[in-house]
Amino acid sequence: MTISEPKPLEEILGMLQGQDKVFLVGCSDCATVVQVGGEDQLKEMAGKLAESGKTVTGMLIAEPGCHLLGLRKEFRAHRQEIDSADAMLIMSCGTGAQTAAQATDKPVHAATNTLFLGCVERFGQFREYCSACGNCTLEQTGYICSVTRCSKGLQNGPCGGTTPEGKCEVNPETDCGWLLIYNKLKEQGTLESLEPYAEPKEAFVHPGQRTLSREGKEE
Amino acid sequence: MSLRPVLQSDTFVVTSEVGPPKGVAMDHVLEEAKLLKPLVHGINVTDIQAAAMRVGSMATCHLIKDLSAEPVLQMVCRDRNRLALQSDLLSAWILGIENVLCLTGDHPTLGDHKGAKPVYDLDSVQLLKVAKGLNEGHDMMGNELEGKPDFCLGAVVTPGGNPVEMQIMKLKKKVEAGAEFIQTQAVYDVNEFAAFMDKVSHIKAPILAGIVLLKSAGMARYMNKNVAGVFVPDELIKRMAAAGEADKAAKAEGKKGDSQVKTSIEIAAELIRGLKPFCRGVHLMPLGWGHHVPKVLEAAGL
């Protein structure tokens with residue numbers, strides 16, 4: 001799940017300067033669960049924009065906002081409302097905002113800051129587990145990601161910054177990722193899986209924008 | 001002389017540490033290096049220590065080499081990717097720098113440019129392995145080098161790490177990757193250090209125990225609270241506190257007290273004498289009190 005948070009209203013209004021008619025786009029997937037681009041948030045935004053003298057020409061909760069062909073289709077179904085708008089405000093994630101920019105000629109503005117890929121721990125609580133590094137080594141680290149859970153993304157063990165409470169010296173709220181890995185493997189009796197030298201990850205195998213084509217691939 | 005022959009001899013090894021300035025006034029750090037030169041086998045130069053922007057380790061090491069002293073270049077993984085790390089290692093060698101201590105590096109959020117992008121493209125074990133590869137005449141991709149360095153490589157360990165087994169596991173990897181010597185985080189308890197040395201008897205690289213000069217009871221308490229893996233026992237804190245009181249009383253009488261300095265030197269010398277039977281040397285981290293190092297070593301009988 002892509003975890004985002006709303007940008008401050010002042011920043012959004014700043015982006016919408018001179019664009020008084022606005023079409024809102026939310027997303028039925030992540031942004032709805034994360035509560036930045038679901039029905040309630042779109043209605044709330046419409047109210048705030050109206051208070052600020054803007055006209056909301058319409059709104060749409062894309063299913064989902066990161067599906068280019070689907071989004072084009074949904075935009076076509078809302079053509080009139082979109083045509084009459086000066087700009088579109090995208091209330092999903094960075095991918096959603098850029099997918100929308102691909103799907104329309106209207107100016108688009110992102111209403112959120114996208115933070116990380118996360119798991120929903122409970123209602124309104126999200127936690128990052130995977131950094132999408134493209135080089136998964138979870139099998140060696142007890143399914144606790146050293147790239148994500150260690151503040152420095154270390155691969156061969158902890159730095160000297162594990163506090164006596166088992167936290168990371170970077171942030172006393174954060175568990176030391178390597179201590180979690182160590183304890184898990186110790187409990188499982190498989191500490192030896194940490195002994196081999198871990199090679200540096202290939203960070204730049206996908207220069208710039210990463211793509212994946214599964215055409216012609218066997219399922 | 002490079003650190004390597006000293007490490008391979010029976011000599012009790014003594015290294016110390018200087019920190020480059022924030023700004024270009026180098027006189028203080030070079031004075032400290034001149035003072036240390038006849039007393040120590042190597043002078044570590046920190047690499048943007050505590051992630052607070054300052055003059056670089058390589059340039060400072062080069063100036064120290066010009067004084068005919070033996071610099072140890074500290075190199076952290078925080079600020080450079082694998083290209084820059086390898087290139088800087090080669091650059092250091094052509095500037096006459098023969099010893100390199102490879103570390104992870106404090107996170108930028110602990111420093112004075114908190115929004116800096118942390119790199120950590122390699123970790124300290126990988127950096128050691130890559131540096132050893134340069135010694136063998138190839139870069140980390142296996143490309144042959146035209147002329148190769150011959151670095152004496154070092155690594156660090158935190159004996160007070162919790163759990164220490166996790167530290168030892170990584171230490172073993174560091175030595176297998178190429179570390180020829182080990183300098184430890186600050187040690188204040190001889191018995192605990194002796195127990196640690198028992199646990200690392202399988203590690204063949206010489207271990208130099210870290211000595212940080214206590215400047216005050218407040219500093220000791222600060223370290224206990226904020227520096228992971230460092231623990232100053234109450235007894236030492238009490239001695240520093242009493243010395244602090246004596247200095248305060250002297251100040252009230254218009255005199256400049258030296259009780260804290262004296263006690264600090266006394267404690268460091270006691271520690272060195274106590275640790276000496278258990279390790280191959282000591283690494284002093286005077287944190288700006290480099291001018292007191294000669295007295296520490298004298299009091300320790302070194």
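Into which domains is chain A divided? I find domain 1 (2-115) and domain 2 (135-194) in chain A; the bounds come from an automatic or database domain assignment. I get 39 Å between the centres of domain 1 of chain A and domain 2 of chain A, taken over C-alpha atoms.

I'm working with a predicted model, where local features need pLDDT of at least 70, side-chain atom pairs count only at pLDDT 80 or more, and totals for chains, interfaces and linings use all residues. Residues are numbered from 1 along each chain as its sequence is written, while chains are lettered from A and ligands numbered from 1 in the order in which they are written.

On to chain B. I count 11 helices and 8 strands there, taken as DSSP runs (helices H or I, at least four residues; strands E, at least two) numbered from the N terminus. Buried residues are 46% of its 302, buried being 20 or more other C-beta atoms within 10 Å of a residue's own, with C-beta atoms placed from the backbone.

Then I checked where the chains touch. 24 residues of chain B are in contact with 23 residues of chain A (C-beta atoms, placed from the backbone, within 7 Å). Helix 5 (124-135) and helix 6 (164-177) of chain B are the elements giving two or more residues to chain B's side. Helix 6 of chain B gives the most, 5 residues.

Notes: Buried ≥ 20, exposed ≤ 12 C-beta atoms within 10 Å, placed from the backbone. Contact = placed C-beta atoms within 7 Å.
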